[in-house]
Amino acid sequence: MASAELQGKYQKLAQEYSKLRAQNQVLKKGVVDEQANSAALKEQLKMKDQSLRKLQQEMDSLTFRNLQLAKRVELLQDELAVSEPRGKKNKKSGESSSQLSQEQKSVFDEDLQKKIEENERLHIQFFEADEQHKHVEAELRSRLATLEMEAAQHQAVVDGLTRKYMETIEKLQNDKAKLEVKSQTLEKEAKECRLRTEECQLQLKNLHEDLSGRLEESLSIISEKVPFNDTKYSQYNALNVPLHNRRHQLKMRDIAGQALAFVQDLVTALLNFHTYTEQRIQIFPIDSAIDTISPLNQKFSQYLHENASYVRPLEEGMLHLFESITEDTVTVLETTVKLKTFSEHLTSYICFLRKILPYQLKSLEEECESSLCTSALRARNLELSQDMRKMTAVFEKLQTYIGLLALPSTEPDGLLRTNYSSVLTNVGAALHGFHDVMKDISKHYNQKATIEHELPTATQKLITTNDCILSSVVALTNGAGKIASFFSNNVDYFIASLSYGPKAASGFISPLSAECMLQYKKKAAAYMKALRKVQQSLEKISKLEQEKEHWMLEAQLAKIKLEKENQRIADKLKSTSIGQGVGPAQENPTGVNAGGQEEASTKAVLEPIHSTSLVPDVESREDLIKNHYMARIVELTSQLQLADSKSVHFYAECRALSKRLALAEKSKEALTEEMKVAGQNISRLQDELTTTKRSYEDQLSMMSDHLCSMNETLSKQREEIDTLKMSSKGNSKKNKSR
C-alpha cells in the first residue's frame, strides 16, 4: 500500500513537473521572441538615432551657416549704409563704383534669396524630422511600456514558478525524509518478520513432527479399526444423521411461530377486505335492496363470496408447517415438506385473485360510467385499478419464489443450493413490494372514500362499509409491513442456517435421502432412549443387588441370633431334664455344650440354617445345598451383570474412540491445511519482503534521480531568470536613458 501511494505521488509530481516544463518552454519561447523583437527595435532605434544625429549635424551646420550669412548681411547692410552718403557726395566720381556695387548687390541678393530658401527648406525638413522623431519616440515609449508590462508579467510568472519549484523541492525533501523514516521502520519490520519466520519455521517443524507421528498412529488405527468410511461419498454421507442442534430447532420454531401469527393476521385482513368489498358491491352504485345490480357485479359478488375457501387454507398450510418444525427434527429446505402444501394453497389463492381481477376492473369502470361519479372519483378509480393489478402481480411474484423454495423438498434438481440466498433475498424484496402496493391502495381508497362521503346520495350504509374496507386495508398494510420487516431481519439467519446438514458435505442430496436421514434420526433417538432405559435398569439392578446383599447379611445375623437362642433353650431343657449332677459331671456337659455351641455358631456363620433343632436332618441338608447353589447363582448373576456393564462401557469407549479418531483425522487435515497455508504465507512474506526492499530501493534511487534532475532544471531556470532579469533591467535603463 505504501509503495502504491508513493508511486501515485510520484506520478502526480511527474505530471505537474511535465506541465510546468511545458509552461517553461512556452515562456522561454515568448522571452526569446520578445528578445528578438527588442533587438529589432534596438536596431531601428539605433538607425533612427543615427539619422537624427545626421539631421542634427546638418541642422547645426545650417544654423551656423545661417548665422554667418546673417552676420554677412548685417555687414553688407552696414557697408551699404556707410556707402550711401558717400555716394551722394561722390556721385560723379562714383558712377562706376555704384554700378559695381549694384552688381554686387544683385549677386548678394540672389545669394541671400537662395540661402533663405535653403534655410526655409531646412527648417521644414527639421520640423518634419522632429515630428517623425517625436512620433517614433512615442511609439517606442508605448512599446517599451508594453514590453515592461510583459516583462513584469513574465517576472511574476517566473517568481510564481520559482516559488512553486521551491515548494515542490521542500515537499519532495519532506517526502524523502518520510520515506527514509518509513524505510527504517520497514527494515525493522522486516527484521521482526525474519525472526517471526524463524520461529514459525521452528513451530512448523515441531508441528510437522507431531502431526507425522499422529498421522502414523491414526493411519494404523484406521487400517485396523475402521472398515468403511461413509463420509467419502456424498450419497452415503447424506444418510448420516447430523449433530442435533437444539438451539437451531428452537430458533426455527420460534420464527415459524411468529410467521404463523403474521399470516393469521394477514388472512383475517384479507377475509375482511374481500367480504366488505362484496357488501360494497351490493349497495354502490346501485343498492340491491332498491334495484337489481348489474350481472357483472352479481358474478363478482358470487366469486367474492367464495373467498374463505381460498384464504383459509393459507392459515392451515402455515399451521401445518409450524407443527412440522419440532425440537427433534432437522429443519432445512430439503426436510420442510409442508412448505410445498403452503405453496399450493398460495397458488390457489392467486388463481382466485386472477379470476376476480377482470370483474374488479370492470366494476370500477362501471362506477366511473355512473352519473354520480365525478372527475376526481374517476381518477381515484383508475388509480385503484392500477393498484389491484400491481397487487396481483406482487402475489404472483411472491408465489414464484416460495414455489422455488419448496422445490428442494420434492425435486432434488429443482433449485441449486447456490441460488438459495438469492431466492430468499428476492422473497424479502417481494414482501416489501407488497407493503408498498398496500400503502398505495390504502392512500387511494382513503381519498376515494372521502370523495364518496361528500356525495349528496351517500348513505350511512355506504359510509360504514367504506370505513370497514379502510380498516381492513390498513390491517393489510400493517400486516404486510410486519411480515416484510420480520423477513428482512431474519433473512441473514435463513441464509446462514442453510448449511445445517451432514458433516463434511454441502447438504442433502435429495428429499429421499433427507427422509431416510430423518428415519435414521428417529431410530437413533429410540436407540438412545433404549440405552438410557437399559442404563437405568442396570442402575436399579445394582441397587437391588446391594439391598439384597444387605438383607442377606441381616438374615444371616438373624439366623445366628436364632441359633444362639435355640442353643440356649436346648441347654436349659437339658439342665432341667438331667437335674443336678456331680460337679465334674456338670463340668463335662458344660464343656461339651460349649463346644457344640461354638460349632453351631460357626456353621450358622458359614451356612444359613432354617431348622430349630440342634441335629441336622435331611431337610436341613437340602436347605444347605439349596442355599449354596442360590448363593452361587447370585454370584454368577452379579458377575454376568458386571460383564454386561463392562461390555456396554467398552462399546461406549469404542464409539468415543472412533469419534476421537474422526476428530483427529479432521484436526490432522486442518493442521495440514494450516501448514500449507503457513508455508505459503511464509514464502509470500519473504517474497513481499524482497519485493518491497527492491521497490523501496528503486523508488529511493528514482527519487534521488528526480531530485537531481529537478535541481538541475531549477538551477538552469534560475540562471535563465537571472539573465532575463538582467536583460530586462538593461533594456529598462536604456529606454530610460533614451
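## Gln360 and its contacts

In this predicted model, Gln360 touches Phe300 and Met388, leaving aside residues up to four places away in sequence. Gln360 belongs to helix α7. Is Gln360 buried or exposed? Its relative accessibility is 12%, so Gln360 counts as buried, the cut-off for that label being under 20%.

Helix α7 covers residues 338-369, and we'll meet it again below with Phe352.

## The overall fold

Stepping back, the protein is built from 13 helices and has zero strands. Read from the N terminus, the order of elements is α-α-α-α-α-α-α-α-α-α-α-α-α. Of the 738 residues, 28% count as buried. The protein exposes about 48400 Å², and carbon and sulfur atoms supply 56% of that area.

## Aromatic rings

How many aromatic pairs does the structure hold? The count is seven. One of them joins Tyr310 and Phe352: the ring centres are 4.9 Å apart and the planes meet at 15°, so this pair is stacked. Tyr310 sits in helix α6 (residues 308-324) and Phe352 in helix α7, so the pair ties together parts that are 42 residues apart in sequence. As for cover, Tyr310 is partly exposed at 21% relative accessibility, whereas Phe352 is buried at 1%.

There's a cluster here too: ring pairs link Tyr310, Tyr349, Phe352, Phe395 and Phe434. Phe434, a member of that cluster, is found in helix α9 and counts as buried because its relative accessibility is 3%. Which residues does Phe434 touch, not counting those up to four places away in sequence? They are Leu266, Val394, Phe395 and Ala480, and Phe395 is also one of the residues in the ring cluster. The C-alpha atom of Phe434 is separated by 9.9 Å from that of Ile483, 49 residues apart along the chain.

## Charges over rings

Rings also turn up with charged partners. The charged end of Arg253 sits over the ring of Phe322, at 4.3 Å from the ring centre. Lys355 does likewise with Tyr303: its charged end sits over that ring, 4.7 Å from the centre.

## Cysteines

How many disulfides are there? The count comes to zero, with a pair of cysteine sulfur atoms needing to be within 2.5 Å to qualify.

Cys193 counts as partly exposed, with 29% relative accessibility, whereas Cys368 is buried, with a relative accessible area of 13%.

## Two serines

Where does Ser409 lie? Its place is in the loop between α8 (375-406) and α9 (420-453).

Ser683, for its part, is found in helix α13, which runs over residues 618-737. Its relative accessibility is 32%, so Ser683 counts as partly exposed. Ser683 and Thr197 are 486 residues apart along the chain, yet their C-alpha atoms are separated by 9.4 Å.

## Coiled-coil annotation

UniProt, in an unreviewed entry, places the feature "coiled-coil region" at residues 3-72, 137-196, 527-561 and 654-688. What does the model show for residues 527-561? That span is 100% helix and 0% strand, and its end C-alpha atoms lie 50 Å apart.

Note on methods. Residues are numbered from 1 along each chain as its sequence is written. This is a predicted model: local features need pLDDT of at least 70, side-chain atom pairs count only at pLDDT 80 or more; totals for chains, interfaces and linings use all residues. Side-chain values use heavy atoms; hydrogens and water are left out. UniProt positions are given in the numbering used here, feature names are shortened, and annotations may be inferred rather than shown by experiment. Helices (H or I, at least four residues) and strands (E, at least two) are DSSP runs, numbered from the N terminus. Buried means under 20% relative accessible area, exposed over 50%, partly exposed in between (1.4 Å probe, protein chains only). Rings of Phe, Tyr and Trp (its six-membered ring) pair if their centres lie within 6.5 Å; planes under 30 degrees apart count as stacked, over 60 as edge-to-face and the rest as tilted. A charge sits over a ring if NZ of Lys or CZ of Arg is within 6 Å of the ring centre and within 35 degrees of the ring normal. Accessible areas come from the Shrake-Rupley method with a 1.4 Å probe; for residues, only the protein chains shown count as cover. Contact means heavy atoms within 4.5 Å.
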